[in-house]
Every structure is written in C-alpha cells, then in structure tokens.
Amino acid sequence: MKEIQSIEEWKAVHEQSKSTPVFVIKHSSTCPISAAGYRVFEAFRTSIPKYVVIVQRSRPVSNEIERDLGIRHESPQLFLLNEGQVTWHGSHYEISEMTIQTAVDAIQ
C-alpha cells in the first residue's frame, strides 16, 4: 500500500482510476475504529492498487479528496474508484472483508 502525501500524488491516483480501479483509504492514526478498518483493508487481498492517506499528516490531501469526490470526510473512509468515479465507499464499521469483496465483485 502506497501513502499519498501530496495533492499532486492524489491527482495522479485519481487520474489513474480513469483507466484502472484503485482503492483509497483515509486513515486517522489516533482513532481505534480507524485502526480496525485500516487492518481489515490492509489484510484484504486484491490486485487492485491500494493507497492510504493518513489524515494527521496529510490534511490538505484529505480535504482535496473530499472536494474532488463530493463525499463528506470521515475516517476511516474507504473508496473504490473506477473510471474516475467512486463506485463504492464505506466508513467505520462498513469496512469489512465482505463489503470490500462485494464492491470489487460489482466492477468485475
């Protein structure tokens, strides 16, 4: 999993999602619920590229994602982007192996 640390990196990932699906998780390093969602996502096996934004280190990136995608910020918050659009997103306890797999199955 690669960390997104700049708005430019986020723009590149968003552009990448136009040609191949990508996952992006917003993670709060101080929240136990976020840690649980992050662990679930980290353990999820997929060939889809996975990216993480650590909110405390990259608040401007987190804010830009919120603006670009039009989805209110939460953490943890997981997005599946395909063809440049959000095809699925979940936060908190919605991030589970089953919900992530269902989202992947829906785009394949």
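**View 1. Val-104, a buried residue.** Val-104 has a relative accessible area of 4% and is buried (buried: under 20% relative accessible area; exposed: over 50%; partly exposed: in between; 1.4 Å probe, protein chains only). This is a predicted model, where local features need pLDDT of at least 70, side-chain atom pairs count only at pLDDT 80 or more, and totals for chains, interfaces and linings use all residues. Residues are numbered from 1 along each chain as its sequence is written, and side-chain values use heavy atoms, with hydrogens and water left out. Val-104 sits in helix α4. Phe-23, Phe-44, Ile-48 and Leu-80 touch Val-104, not counting residues up to four places away in sequence (contact: heavy atoms within 4.5 Å). Thr-46 lies 58 residues from Val-104 in sequence, yet 8.8 Å away in space, C-alpha to C-alpha.

**View 2. The two faces of helix α4.** Helix α4 spans residues 97–107 (helices are DSSP runs of H or I, at least four residues; strands are runs of E, at least two; both are numbered from the N terminus). Ile-100, Ala-103 and Val-104 are its buried residues. They line one face of α4, because they fall within an arc of 95° seen down the axis (the arc is that of the directions from the helix axis to the C-beta atoms). An α-helix has 3.6 residues a turn, so residues three or four places apart point the same way. Met-98 and Ala-106 are exposed, on the face of α4 turned away from its buried side.

**View 3. The cover over α4.** The buried residues of α4 are covered by elements including strands β2 (22–27), β4 (77–82) and β5 (85–91). Helix α2 (32–43) is also part of the cover.

**View 4. His-14 in helix α1.** Helix α1 covers residues 7–16 and includes His-14. His-14 is buried, at 15% relative accessible area. It touches Asp-68, Leu-69, Leu-81 and Gly-84, not counting residues up to four places away in sequence.
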